[in-house]
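Colleague: I should like to understand this structure step by step. May I put some questions to you about it?

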Amino acid sequence: MQIKFVEIKNFRKLKSVRIELADKTTLFVGANNSGKTSAMDALKYFLVDTNAFCTNDFTLSNWGTINKIGESWEKSQTVKDSQEHTLAEWNEILPALDVWLKVEKNEFQHVCHILPTLDWSDKELLGVRLRYEPKDVDALYKEYITAIKTAKETIEETRKKQDKCAVKLWPRSMSDFLEKRLANHFEVHPYLLDPKKLNDPDNIGIAKPQPLPEASEFLSGNPFKDLIRIDVISAQRGLSDPDNVLPEPDGRVGLERHYKGRLSGQLRTYYDRHINPSDDMVEASDIAALEAIQNAQDEFDKKLREGFSEALKELEGLGYPGVTDPKLIISTKIKPIDGLNHSSALQYEVTSPKSESWGAPRLPEEYNGLGYQNLISIVFRLMSFRDSWMKVGKDGKKAAAKVSEKNFFPPLHLVLIEEPEAHLHAQVQQVFIRKAYDILRNHNNLKEKKNLSSQLVVSTHSSHIAHECKFDWLRYFRRLPAINEGEVPISVIVNLSNIFGDEKDETQKFVTRYLKTTHCDLFFADAAILVEGPAERMLVPHFIHNYFSKLNQSYITLLEIGGSHAHRLRPLIEHLGLVTLIITDLDSAESTGHHASKQPEKGKNLITRNATLKTWLPVKEQIDDLFNNEDSNKIKKYDDFFSVRVAYQVPVSVSMNGTSQEEALSNTFEDALIFENLSIFKALQGEGIIKKFKDAILQHNTSANLGEEMFKILKDGKKAEFALELLFLQDPETLKVPTYINEGLKWLQDQLEMKQLEILTLSKNQVPPKQGS
């Protein structure tokens, strides 16, 4: 049994999304404020802690509808009316989580209580909707009308006495009323779903959850009890807080305690649950330990009696206790858990070459780094979750004593981990994500067996963790701006498992290796810039910093990937819907023979060898066509929220002699930069390639001759040396940005400003709650 996917509706910025879960590990990735935390909270709130909801969890654009419901109640009804109210007017705005399960034939006994019809087939999915809704609409109606009527009458009476009333009394609206009364009137109700009415998301990725029939009745109890065991490791782990352990959540079966606090606190909990020899379930192996405890207790009692004997005699001399009063006796009770019940129960041994002679020194756990503590804490919790599921040790003995639980395990174990990367070094992050699932399966009843399933869901901001995962693990949270007036920015989720098709696809292998090698943060950026070579990689960030302030404030990822390979990232860029600027080279060549490289000229039937220009944008091969290309043809618009633009060398006007202007044609970033900064390069006092360029400028009087000479110099391929020398000799702030790059960066800044403007314009009209990241 596995959760195939979940659909979340009306929860914060997740207006309507589908999240497909991988068979083993699923990783949530995306830019800040894209909805990752909202998705994890939705899973926690609906499946674990149903009392955690607040009004801020309703999608902000639904608040207006909620207030209109209150207004319609005020206009049409009074408290004395007996008319019944239904959920119909609430249906489209209620937070909901649809869970769709894939169930095998041999697991029918686990799911008979959630079968939609008697003719259900195991080829179909099983769906359950958990919806946060009013318990009793009539009761909600009556209390709301009473409250708002009282508030209005009080204001009116005050106005009669004082001519005005500046105080705003609660409640001012339905949303204001629910801020205080939500928990009193709302709770999670489960409903069965019809697999035959399952709809696919639209082409943007917005889910289409099926509507419930009008006569739908919710199920009693928890439909996932004894079906799914759910454990959570939250982002806030409180490692620096001693003894910070949350209590068991309201005793529901299958829900694990949310461990927090120092490792010693987790150690005590694990000991008490699985090992404690003084537990009611005593095994033969416990006898020796219990006997040692009893002997220690007797010896300690004897010592205490001797120590307190004089004090007790003195009390008796005062006439207390009396003849008929009980006599005072000092006695102790030693429990094994007491030995762990302190902050130094867990220590770290510091090894030393001299340790053998005088013993290795030890330090309390708080003296070790937070990163190491965090790693051990998460791993230990995963082990504890697994052992509790498998009823290891004393936990199993207790379960065996109950006939209803004997030899029974929930067939599915779902574990949620938020941001495991906190305080962890990059290499440790990678080790963790590789090993986490294996830890959950490291039990004889699990491992490669199919009858019991584990699914791990992790949210992260770490590119190191993301690059360690296969593409079919990744779920990318894509931000969309508000589409219509009165709405808010939302998110959709992109499943990256099918980007490249076959897992053996060469493009997928290349992209995977490339992302690992470059450690780029493509999955977490606001936009991407693909550049041709090392010179652009070093200088473009300076151009952004000096000339594009708004762009400099955005989270831009810059990837160095040549024009012959940039198009290989196309499937990934298109799936992510990530606004991208491609800064590439013309790469002019002869159209015949072996297509040898050639300095660009007009009217010479030259072509480009750049695969990106030929196959992605602008899909042109002739150099003359590329030179004459309109700017609009350099942009590919996929939808209203996502475009890609290419920037390559274009003809520019330069002055070789300081007076007259002539046209200059460039082939690479380096010669384009020089042509537009001739006066600077003419005065540079450098060596190597910089000196060669300076000499070429001084020796040639026409742009065509200078272009030919620079073409020869650049054939040596010392582009990185050029950028490093230039940074050493010249402040990049004084350089003019090459025209083609300037046009591309301006376009990118406009794209991001447009998205930001849509959000800012919206926020002037509405003040949203924090929607999560």
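**Loops, helices and cores**

Colleague: What is the average pLDDT of the chain?
Modeller: The pLDDT is the predictor's confidence in each residue, from 0 to 100. Of the residues, 81% score at least 70, and the chain average is 85.

Colleague: Over residues 240-260, how many contacts does the model have beyond near neighbours in sequence?
Modeller: The pLDDT of this stretch is below 50. Where pLDDT is low, the predicted coordinates should not be read in detail. With contact taken as heavy atoms within 4.5 Å, the number for residues 240-260 in the model is 53.

Colleague: Is V619 buried or exposed?
Modeller: V619 is found in the loop between helix 18 and helix 19, and its phi is near 60°, a positive value in a residue other than glycine. Buried means under 20% relative accessible area, exposed over 50%, and partly exposed in between (1.4 Å probe, protein chains only). Because its relative accessibility is 51%, V619 counts as exposed.

Colleague: How are helix 2 and helix 4 oriented to each other?
Modeller: Axes are lines fitted to C-alpha atoms, for helices over the stretch in contact, and angles run from 0 to 180 degrees between N-to-C directions. Helix 2 (residues 63-76) and helix 4 (residues 137-162) pack at an angle of about 75°, with their axes 10 Å apart. Angles under 35 degrees count as roughly parallel, over 145 as roughly antiparallel, 65 to 115 as roughly perpendicular and the rest as oblique. Helix 2 and helix 4 are therefore roughly perpendicular.

Colleague: Which residues of helix 2 make the contact with helix 4?
Modeller: On the side of helix 4, the contact includes V137, L140 and Y141. From helix 2 come G70, W73 and E74.

Colleague: Which residues touch the most other members of the largest nonpolar core?
Modeller: A nonpolar core is a set of buried Ala, Val, Leu, Ile, Met, Phe, Trp, Tyr and Cys residues joined through side-chain atoms within 4.5 Å. The largest such core has 77 residues. Those that touch the most other members are I19, L47, W73, W90 and L101.

Colleague: How far apart are the C-alpha atoms of D731 and H542?
Modeller: D731 lies in the loop between helix 24 and helix 25 (739-765), and at 42% relative accessibility it counts as partly exposed. Along the chain, D731 and H542 are 189 residues apart. Their C-alpha atoms are separated by 9.6 Å.

Key. Residues are numbered from 1 along each chain as its sequence is written. This is a predicted model: local features need pLDDT of at least 70, side-chain atom pairs count only at pLDDT 80 or more; totals for chains, interfaces and linings use all residues. Side-chain values use heavy atoms; hydrogens and water are left out. Helices (H or I, at least four residues) and strands (E, at least two) are DSSP runs, numbered from the N terminus.
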